[in-house]
Amino acid sequence: MIHQSALVDRGAQLGSKVSVGAYSIIGEHVEIGDNTVIGPHVVISGRTRIGRDNRIFQFSSLGEVPQDKKYDGEPTRLEIGDRNTIREFCTFNLGTAQDVGITRIGNDNWIMAYVHVAHDCQVGSHTVFANNAQLAGHVHIDDWAILGGYTGVHQFCRVGAHTMTAVGTVVLQDIPPFVMAAGNTASPFGINAEGLKRRGFSPEALLALKRAYRTLYKSGLMLDEARAKLAEEVLVHPEIQPLLDFLAASKRGIIR
């Protein structure tokens, strides 16, 4: 299962049925779970832990030091969950001591070619990153988010659950849950209704979320006023609670 030209450090911990392709390099502090497939010419370094049933394609670099001048060799980490697909030429960096010290990728993510996940990013589960999506440091991507090709996310931004960005979107502020965004810089373009339907949201829930979107973006209310109105609506429509929680926690402000 390990190609004769691959270089696997003796200190690395590989689970059962792990496959390592030709000319790949696995570092001393790397842990890889059962049934994960590493393609050819992949470099996995640093204190990196990868779960089971992942597939990592050729020329990816995982666990390299952060692209941050403040990094001084601290023993920070990269953690990747289970059942992720990571396509060609992806780069995921370690965390830094200035944050939690861990860059995290959840489970069941579909990550296409040339994606960059910088230091201290926190990526949830069931996300899709199209080709060349780029995350700066300290970015949070919540579950089920979809980033269109060439989407760029500024440092410290958060992208909410069930969101979707169009190709070439530039994200400089937070994107609330359920919202579609596009443009440079990103603007809201309604609710991700089709994605929510596919994930089993009821017609009643979709209607409530559309009303919440109109309250937030189309009513002419100030943000605090919109939040107060949403707090009333959530008593009848609990589906919008994630939106309220997100607005309360937002630090960079939301896209407008």
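**Surface patches and strand pairing**

At 40% relative accessibility, Arg211 is classed as partly exposed, a category lying between buried (under 20% relative accessible area) and exposed (over 50%), with a 1.4 Å probe and protein chains only. The model is predicted, so that local features need pLDDT of at least 70 and side-chain atom pairs count only at pLDDT 80 or more, while totals for chains, interfaces and linings use all residues. Residues are numbered from 1 along each chain as its sequence is written, and side-chain values use heavy atoms, with hydrogens and water left out.

Arg211 lies in helix α2; helices are DSSP runs of H or I with at least four residues, and strands are runs of E with at least two, numbered from the N terminus. Together with Lys197, Lys210 and Arg214, Arg211 forms a patch of positive charge on the surface. Patch residues have over 30% relative accessible area and no salt bridge, with like charges joined within 9 Å and nonpolar side chains within 5 Å. A salt bridge places a side-chain nitrogen of Lys or Arg within 4 Å of a carboxyl oxygen of Asp or Glu. Helix α2 (residues 203-217) supplies the largest share of the positive patch, three residues.

A nonpolar surface patch consists of Phe59, Phe89 and Tyr114, with about 290 Å² of accessible area together. Phe89, in the loop between β12 (85-86) and β13 (91-93), is partly exposed because its relative accessibility is 36%.

Strand β10 (residues 61-64) runs parallel to β7 (residues 43-44), joined by two bridges; pairing requires at least two DSSP bridges. Ile44 has Leu62 in β10 as its bridge partner. Three bridges join β10 to β13, also in parallel, and Ser61 stands opposite Thr91 in β13.

Methods: Accessible areas come from the Shrake-Rupley method with a 1.4 Å probe; for residues, only the protein chains shown count as cover. Lys and Arg count as positive and Asp and Glu as negative; His and the chain ends are not counted. The place of a charge is taken as NZ of Lys, CZ of Arg, CG of Asp or CD of Glu.
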